[in-house]
Amino acid sequence: MADLDRLRKKLGFVPTDGNDRLIEALTHRSFAVENHVPCDNQRLEFLGDAVLEIILTDYLFAIYPDAQEGELTKMRSALARESTLAQLAAELELGNFLRVGHGEAEAGGDRRASTLADLFEAVLGALYLNAGFDHTKRFFTALFASHYPDPRTLLDVINPKGALQEFSQARWGETPVYKVLRVEGPEHQPSYEVEVSLHRYVARGGGHSRKLAECDAAKNLGEYFHSPEFEASDAN
């Protein structure tokens with residue numbers, strides 16, 4: 001495991017001689033089971049999820065004084081998506097500190113977006129218990145603001161399957177077709193790979209559920225359709 005003191009300093013953990021919540025937050029269930037550790041990060045994930053909702057609600061309420069409830073809810077959902085949280089976890093290098101079981105590591109579980117998103121919420125929950133809400137809010141609000149200063153832009157990608165459907169119907173009068181290519185990993189946390197085909201174009205995506213994998217594939221194909229390469233190929 002990488003240097004925990006460096007991570008504590010980056011996050012602003014307050015030194016304590018009591019229960020080390022950060023270690024708990026970095027402990028995956030698979031590690032706890034294999035090593036007979038009495039706790040894992042699932043409870044902190046639960047807490048972090050609730051604290052994150054408050055932080056994001058306050059952030060959006062402040063920067064969009066004229067936005068209505070429906071739009072605020074959609075933006076909050078976009079910011080709290082698995083892919084978004086996984087990216088922020090990678091930004092903080094949290095995966096380098098994760099304690100995960102051997103079997104889960106061999107299956108690539110320590111690199112899954114779902115695992116990293118859960119880890120992000122668990123660390124947030126641990127920081128809340130250690131340093132209090134005000135510090136946690138300042139740290140994570142600054143983190144989200146630095147990456148998503150205008151969360152309205154995320155609304156275009158919150159429903160990639162719907163966006164792809166609208167595009168395909170308007171352009172070709174066709175419906176995208178999704179096919180599961182493979183399912184790997186343990187039963188409690190499978191990893192799906194899905195292919196989407198439309199007209200003569202194909203893209204793939206992955207996720208810990210079929211729905212997420214389909215959304216990822218739709219996002220990838222949609223991004224291609226908005227690229228100069230597509231316009232050049234479609235003209236031919």
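Helices (H or I, at least four residues) and strands (E, at least two) are DSSP runs, numbered from the N terminus. The exercises below concern a predicted model, in which local features need pLDDT of at least 70, side-chain atom pairs count only at pLDDT 80 or more, and totals for chains, interfaces and linings use all residues. Residues are numbered from 1 along each chain as its sequence is written, and side-chain values use heavy atoms, with hydrogens and water left out.

**Exercise 1. Helix H6**

Task: Determine which residues of helix H6 are buried, what covers them, and which residue with positive phi follows H6.

Solution. 
Step 1. Buried means under 20% relative accessible area, exposed over 50%, and partly exposed in between (1.4 Å probe, protein chains only). Within H6, which spans residues 82-91, the buried residues are Thr84, Leu85, Ala86, Leu88 and Ala89.
Step 2. An α-helix has 3.6 residues a turn, so residues three or four places apart point the same way.
Step 3. The cover over the buried residues of H6 includes helices H4 (42-63), H5 (69-79), H8 (113-131) and H9 (133-147); contact here means heavy atoms within 4.5 Å.
Step 4. After H6 comes Glu93, with a positive phi near 60 degrees.

**Exercise 2. The sheet**

Task: State the strand order of the sheet and identify the strands that stand at its edges.

Solution. 
Step 1. Two strands pair if DSSP finds at least two bridges between them. The open sheet has 3 strands in the order E1-E2-E3, with antiparallel pairing.
Step 2. E1 (177-184) and E3 (201-207) are the edge strands; each has a single partner strand, so one side of each lacks a neighbour in the sheet.
Step 3. On average, neighbouring strands of this sheet are turned by 20 degrees against each other, direction ignored. Axes are lines fitted to C-alpha atoms, for helices over the stretch in contact, and angles run from 0 to 180 degrees between N-to-C directions.
Step 4. Helix H11 (residues 210-225) packs on the sheet and touches E1, E2 and E3, its direction making about 140 degrees with that of E3.
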